[in-house]
Amino acid sequence: KEYNISPEGWLPKHSDFMVDLDSIREYFGDNKLNRYKIIFDASNVEDGIITDSSFNTMQTVLDVFTEAYATSSLRSFTGIASLQGEPVSFVEYTEAISCVQDEYCQPNERQRTIVLLSKSLNNAESTATITFAELIVDPYSSEGIDWLKSVRQAVDDLYEEDMLNGVSVSILGEAAVQYDVADDLYDTFPFVFCIVFLVLFLLIGVMYNSFVHPVRSFLSTLLTLFFSYGLSCIVYDDDLNYVAPVMAFYVALGISLDTDTLLAVKIMDYRDEEFDYRSSVIVGLWSTGTSILTGGMIMVITFGSLLLTDESALQQFGFFLLCSSVFDFFVIRLVVIPGLIAHPFFASW
């Protein structure tokens, strides 16, 4: 599943910032507003980044990016080693610096541009420099992220082949940061998911002195989560913000287990009063039905109000919780749970 990693999902669509951003985007496009930055760090190289060897390394990296990975997405590179996609050699760079510093030399426009880039993109010690990569596509799009992953793999390959001559290469940018956050989040989420379920399973099993009850409880909870997640993917498709499902997961899990606990406590109370199991289930459902339905209506109204917000990520968060609440309170609690707990296999006490 591909997610929308753009931070614009958390900004009000009609805010002054978004209105101005949309106007600027019409003139320049997302590819110019959100360019990737390639950092060449030669702090471990003698004489830093302004050497013939470092320039050759930068040219090698940019050539690999262009020839092997960027044919369909890349527009150009701009930095001290590449000017709008045209290579700048070390000799040309040093000649441009010398010409601008010589009062008797008349630098041309290309030379003045090289010097300007040198002042703005090199660090004070001249040990590192930035090269901008301008794509044809939006860096936040799936094509832009594919380009990012491809060139990062290319850098790893160059490291393994020992072709960087001590120069460290990093690809950064707003889209790269958002992708790294999303990638790390979804790498760790399955582990967190399993830990949360395991801890809650043991806790519920010990508290209620039953193995069957937490099994049945988590089966019903998973049905709610799968339904909500699946419907959210269908409705929002690739516009689904990567944070919304993770945030909503914990809230939906808490709500589902909370209502399930309310019912379980009532059934246990009636069992302690020496009701038989089937009677305890029936009376427990009858005594908690009004509370569960009332709570369900409150949740539906509360989470449904998030759909009226101006931020798409909050709308998706609200939609996920709205689906969870409707399905859990009006389908799981009223249809699925009565059928499951009344079955002898799921007899918990």
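This briefing covers the nonpolar cores, salt bridges and cysteines of the structure above. The model is predicted. Its largest nonpolar core has 52 residues. A search of the whole structure finds 5 salt bridges. The disulfide count comes to 1.

**Nonpolar cores**

- The largest nonpolar core holds 52 residues. Those with the most contacts inside it are Tyr 36, Ile 38, Phe 40, Phe 65, Phe 77, Trp 147 and Ile 171.
- Helix α6, residues 142–160, supplies the largest share of this core, with 7 residues.
- A second core is separate and has 22 residues. Ala 248, Ile 255, Leu 306 and Phe 317 are among them.

**Around Phe 77**

- Phe 77 is one of the residues with the most contacts inside the largest core. The contacts below leave aside its neighbours within four places in sequence.
- Phe 77 is in contact with Ile 38, Leu 62, Phe 65 and Trp 147, among others.
- The contacts of Phe 77 also include Thr 66, Ser 82, Leu 83, Gln 84 and Gly 85.
- Thr 131, Phe 132 and Ala 133 touch Phe 77 as well.

**Salt bridge between Asp 260 and Arg 216**

- The side chains of Asp 260 and Arg 216 form a salt bridge, at 2.4 Å from N to O.
- Asp 260 sits in helix α9 (residues 243–272) and Arg 216 in helix α8 (residues 212–236), so the pair ties together parts 44 residues apart in sequence.
- Both Asp 260 and Arg 216 are buried.

**Salt bridge between Arg 110 and Glu 86**

- Arg 110 and Glu 86 meet through their side chains in a salt bridge of 3.2 Å, N to O.
- Arg 110 belongs to helix α5 (residues 109–121) and Glu 86 to strand β4 (residues 86–87), so this pair links parts that are 24 residues apart in sequence.
- Arg 110 is partly exposed, at 22% relative accessible area. Glu 86 is partly exposed too, at 46%.

**Salt bridge between Lys 149 and Asp 146**

- A salt bridge joins the side chains of Lys 149 and Asp 146, at 3.9 Å from N to O.
- Both residues lie in helix α6. Lys 149 and Asp 146 are 3 residues apart, about one turn of the helix.
- Lys 149 is partly exposed, with a relative accessible area of 40%. Asp 146 counts as partly exposed at 39%.

**The disulfide**

- Cys 99 and Cys 105 are joined by a disulfide, with an S to S distance of 1.9 Å.
- The torsion about the S-S bond of Cys 99 and Cys 105 is about -85°, so the disulfide is left-handed.
- Cys 99 is buried, with a relative accessible area of 6%. Cys 105 counts as partly exposed, at 26%.

- Cys 233 is in no disulfide. The nearest cysteine sulfur to that of Cys 233 belongs to Cys 323, 11 Å away.
- Cys 233 is buried, at 16% relative accessible area.
- Cys 323 is also in no disulfide. For Cys 323, the nearest cysteine sulfur is that of Cys 233.
- Cys 323 is buried, with a relative accessible area of 8%.

Definitions and conventions
Residues numbered from 1 in each chain as written. Predicted model: local features only at pLDDT ≥ 70, side-chain atom pairs only at ≥ 80, totals over all residues. Heavy atoms only, no water. Core = buried A, V, L, I, M, F, W, Y, C linked by side-chain atoms within 4.5 Å. Buried < 20%, exposed > 50% of the residue type's maximum accessible area, 1.4 Å probe, protein only. Helix = DSSP H or I, 4+ residues; strand = E, 2+ residues; numbered from the N terminus. Contact = heavy atoms within 4.5 Å. Salt bridge = Lys/Arg side-chain N within 4 Å of Asp/Glu carboxyl O. Disulfide = S-S within 2.5 Å.
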